[in-house]
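Take a look at the structure below. The walk starts at one residue and widens from there.

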2 protein chains.
Amino acid sequence: MSAIEAKSQAQALAFAPFSFQAAMALRDLGILEVLGSVRRPGLPLPELAERAGVSEYGVSVLLDFGEHLGLVEGEEGRWALGKVGYFFLHDEMTRVNADFTHDICYDALRYLTRAVRTGQPAGLSSLGPWDTLYQGLSSLPEPARSSWFNFDHLYSDRVFSDLLPLVFDRPVQQLLDVGGNTGRWARCCLEYSPDVHVTMVDLPVQLERAAEEMKAAGWTERVEYHAADLLSDQSRLPAGADVIWMSQFLDCFSADQIVSILRRARQVMGGEARLFIIELFPDRQAFDAAAFSLDATSLYFTCVANGNSRMYRYAEFARLLEAAGLEVVQEWDGVGVGHTALYCRPV
Amino acid sequence: MSAIEAKSQAQALAFAPFSFQAAMALRDLGILEVLGSVRRPGLPLPELAERAGVSEYGVSVLLDFGEHLGLVEGEEGRWALGKVGYFFLHDEMTRVNADFTHDICYDALRYLTRAVRTGQPAGLSSLGPWDTLYQGLSSLPEPARSSWFNFDHLYSDRVFSDLLPLVFDRPVQQLLDVGGNTGRWARCCLEYSPDVHVTMVDLPVQLERAAEEMKAAGWTERVEYHAADLLSDQSRLPAGADVIWMSQFLDCFSADQIVSILRRARQVMGGEARLFIIELFPDRQAFDAAAFSLDATSLYFTCVANGNSRMYRYAEFARLLEAAGLEVVQEWDGVGVGHTALYCRPV
């Protein structure tokens with residue numbers, strides 16, 4: 001990178017919040033959509049403003065700035081959708097990430113420096129009066145609530161169908177779903193296998209909501225609920241499971257906490273029990289953009305969620321497994337959207 | 001641009017507020033400075049965390065994300081300052097722009113969509129209860145106040161020394177400083193020419209502050225104050241000036257307002273009077289990064305300052321001059337930091 005490129009990038013960083021909010025405005029005002037609906041060479045400003053229902057002035061400042069970002073392209077007084085704009089409008093992952101940034105993280109991120117300094121999720125107060133975001137998940141106001149669950153499910157939904165055959169390649173009687181959230185994985189398992197019994201482990205407030213959703217989906221048999229705050233070293237996991245399942249769960253804890261939780265899992269693992277850990281590791285991604293997104297998500301953990309967890313590098317995560325007395329028997333990369341599945345056993 | 005590059009850029013946009021706040025945290029926690037003070041291959045994480053006085057966890061999430069942005073570079077467990085980080089730390093313009101974004105614009109920008117929809121500076125309420133930012137300038141709290149004036153002066157200070165010889169290449173008795181702000185240009189003129197009398201025109205609240213600063217600097221003679229709100233078509237400019245001066249002033253108004261103000265200036269211009277207009281035109285910049293910064297500044301006008309002004313393209317500005325019955329006699333590009341000076345006369 002040349003010095004002048006580096007200086008330009010530093011300048012662009014200084015205005016990055018403008019870039020984000022301009023992209024959101026171009027999207028949410030329908031300007032990108034109008035541009036996407038017309039052929040090249042596109043629309044003159046007055047017609048675009050009329051179709052989008054906003055002032056020419058307002059459209060023009062967004063277009064002039066958006067052109068630098070590749071969101072739109074102007075030539076000889078006519079405007080068309082840019083390549084970046086096409087993906088900002090149509091790519092589902094980009095849309096879900098952008099909504100998550102806007103509705104959950106934007107206000108909170110102004111406290112990132114404080115969060116790092118104090119070890120507390122200093123931005124969380126912009127959403128509600130909780131110690132961690134998990135305590136507030138079920139009472140988040142809209143649109144924050146939808147944006148959070150869409151973000152969470154975007155990354156979890158796609159992974160489940162890939163993983164069911166791996167988990168159920170042998171009979172499973174008892175599956176312990178640790179950090180079961182809204183019960184999506186539990187329902188997948190109950191549907192997939194007529195034999196399996198699922199015990200969901202989560203915070204009481206989360207389990208209440210999960211139980212409601214399970215009932216609404218018709219699942220009252222073969223599912224149990226075990227309330228536990230695994231942050232407390234005193235909390236134990238129930239014994240007797242064939243499969244212990246932790247999908248995008250351990251990234252919600254600090255390194256020390258992970259070792260403690262994994263040790264407690266190991267203590268209740270019988271002779272044939274299998275521990276499945278599903279995580280997104282930045283150092284096991286095929287695309288730079290994926291690693292970038294995951295490292296951004298770490299800052300969400302730092303500033304909003306809990307103040308001390310992250311998306312771990314696999315290199316570090318392997319050390320935590322070792323410290324807990326576990327070994328990886330088998331592993332699968334590239335399941336879901338860049339997930340890695342680890343099948344672990346006590347050493 | 002390939003489709004995959006465009007998609008990556010859309011993804012990066014979705015997380016752009018993370019990029020900005022991570023850069024600010026790396027700067028304000030002193031991490032960039034520590035890295036800039038050591039030789040390659042740099043510092044291991046524990047030592048860096050200790051020197052910066054923050055947790056290893058906090059430093060690690062910032063480093064991992066900051067590496068994607070070129071702010072830092074990690075290799076074999078050691079961390080060094082990246083090229084982008086060098087400029088984010090040391091380049092004065094980048095620092096001033098970043099502080100301006102952080103302290104004036106960040107909270108406000110979340111209302112950009114609303115600002116465009118309503119034509120009001122919808123983000124201004126995050127700073128204070130004013131109709132336009134100009135009414136609140138003298139009562140802004142710190143650090144917003146310093147960040148605004150540093151931003152304003154960064155762009156205005158450097159231009160003045162370039163312009164004095166152009167303006168005073170012939171005798172000037174009466175100079176009308178329209179939108180005189182804190183009086184910096186007025187003081188430059190009074191110091192440069194022992195003959196000139198300056199009349200500052202601005203809002204009453206601005207003039208009060210300017211008068212204080214003028215007195216503090218020892219200037220009570222040869223300076224007068226003319227309070228006027230030029231948004232009102234009724235307000236008139238005083239006649240009799242040799243030079244009417246409008247430096248980074250007209251960009252605070254809408255296109256219609258500019259024509260109205262320029263017509264009122266033309267009406268008081270005698271036979272030899274010269275009108276100087278100093279502006280930053282995005283379409284007359286040597287560097288893309290400069291045009292990018294100016295187009296970002298337009299969004300500041302939209303969302304924070306007044307809801308209807310911008311950094312105009314010269315192509316459009318020329319039409320406004322024409323509509324006001326003015327012609328450009330002489331012009332200078334590249335004065336100050338990318339400014340254009342226009343010497344105008346009635347047609």
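A:A25 sits in helix α2 of chain A. Helices here are DSSP runs of H or I with at least four residues, strands are runs of E with at least two, and both are numbered from the N terminus. The model is predicted: local features need pLDDT of at least 70, side-chain atom pairs count only at pLDDT 80 or more, and totals for chains, interfaces and linings use all residues. Residues are numbered from 1 along each chain as its sequence is written, while chains are lettered from A and ligands numbered from 1 in the order in which they are written.

Is A:A25 buried or exposed? A:A25 counts as buried because 29 C-beta neighbours lie inside 10 Å. The cut-off for buried is 20 or more other C-beta atoms within 10 Å of a residue's own; 12 or fewer is exposed, and in between is partly exposed, with C-beta atoms placed from the backbone. Which residues does A:A25 touch, leaving aside neighbours within four places in sequence? They are A:L62, B:L112, B:T113 and B:V116. Contact means that the C-beta atoms, placed from the backbone, lie within 7 Å. A:A286 is 261 residues from A:A25 along the chain, and their C-alpha atoms are separated by 31 Å.

Now widen the view to where the chains meet. The contact takes 68 residues from chain A and 68 residues from chain B. On the side of chain A that touches chain B, the elements giving two or more residues include α1, α5 (56–68) and α14 (288–305) of chain A. α2(A) gives the most, with 11 residues. By class, this side of chain A has 38 nonpolar, 19 polar and 11 charged residues. Nonpolar covers Ala, Val, Leu, Ile, Met, Phe, Trp, Tyr, Cys and Pro; charged covers Asp, Glu, Lys and Arg; the others, Gly among them, are polar.

How are the two chains related? A rotation of 180 degrees, with 0.0 Å of shift along its axis, superposes chain A on chain B with an RMSD of 0.0 Å. The same surface serves both copies, and 100% of the contact residues of chain A recur in chain B.

Next, the packing inside chain B. α2(B) and helix α5 (residues 56–68) of chain B pack at an angle of about 120 degrees, with axes 10 Å apart. Axes are lines fitted to C-alpha atoms, for helices over the stretch in contact, and angles run from 0 to 180 degrees between N-to-C directions. That makes α2(B) oblique to α5(B). Under 35 degrees counts as roughly parallel, over 145 as roughly antiparallel, 65 to 115 as roughly perpendicular, and the rest as oblique. B:F18, B:A22, B:A25 and B:L26 of α2(B) meet B:L62, B:F65 and B:G66 of α5(B). This contact has 6 nonpolar, 1 polar and no charged residues.

Helix α6 (residues 83–90) of chain B has the buried residues B:V84, B:G85, B:F87, B:F88 and B:L89. Their cover includes α1 (3–14) of chain A, together with elements of chain B, among them α2 (16–28) and α7 (92–109).

Finally, the whole of chain A. Its secondary structure comes to 15 helices and 10 strands. Of its 347 residues, 52% count as buried.

Methods. Least-squares fit on C-alpha atoms with pLDDT ≥ 70 in both. Contact = placed C-beta atoms within 7 Å.
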